[in-house]
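This report concerns the pairing of charged side chains. Please examine the sequence and the model shown below before reading on.

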Amino acid sequence: MYDGRDMTELAMMAKSDWKDNELAHFHHSLQQMTPYLNSEGVSIHREIIEEIEHRGGLKKS
């Protein structure tokens with residue numbers, strides 16, 4: 001279960017300052033809602049994906 005900062009707090013931060021578990025959680029959540037996202041949601045999801053790629057992917061714990 002996710003135990004971290006919520007999207008309200010994270011939205012005010014650069015994606016580069018997010019923790020790996022935060023990127024993973026919100027990537028998974030937004031991926032599940034892809035058909036229902038508006039353009040802003042799609043943009044946020046794209047930024048999360050780009051940050052994950054920039055880090056070389058996410059490591060399994």
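With which residue does R5 form a salt bridge? The partner is E22, and the closest N and O atoms of the two lie 2.7 Å apart. R5 belongs to the segment before α1 (7–10), whereas E22 is in helix α2 (residues 20–32), so the pair links distant parts of the chain, 17 residues apart. A salt bridge here is a side-chain nitrogen of Lys or Arg within 4 Å of a carboxyl oxygen of Asp or Glu; helices are DSSP runs (H or I, at least four residues) numbered from the N terminus.

The model is predicted: local features need pLDDT of at least 70 and side-chain atom pairs count only at pLDDT 80 or more, while totals for chains, interfaces and linings use all residues. Residues are numbered from 1 along each chain as its sequence is written, and side-chain values use heavy atoms, without hydrogens and water.

The whole structure contains four salt bridges, among them these:

| Pair | N to O distance |
|---|---|
| R55 and D20 | 2.6 Å |
| E51 and R55 | 2.8 Å |

R55 lies in the segment after α3 (39–54) and D20 in helix α2, so their pair ties together parts 35 residues apart in sequence. D20, E51 and R55 are linked in a network of salt bridges.

Accessibility is classed as buried (under 20% relative accessible area), exposed (over 50%) or partly exposed (in between), with a 1.4 Å probe and protein chains only. E22 is buried at 2%, and E51 is buried at 11%. R5 is partly exposed at 22%, as are R55 at 25% and D20 at 38%.

Definitions and conventions. Helices (H or I, at least four residues) and strands (E, at least two) are DSSP runs, numbered from the N terminus.
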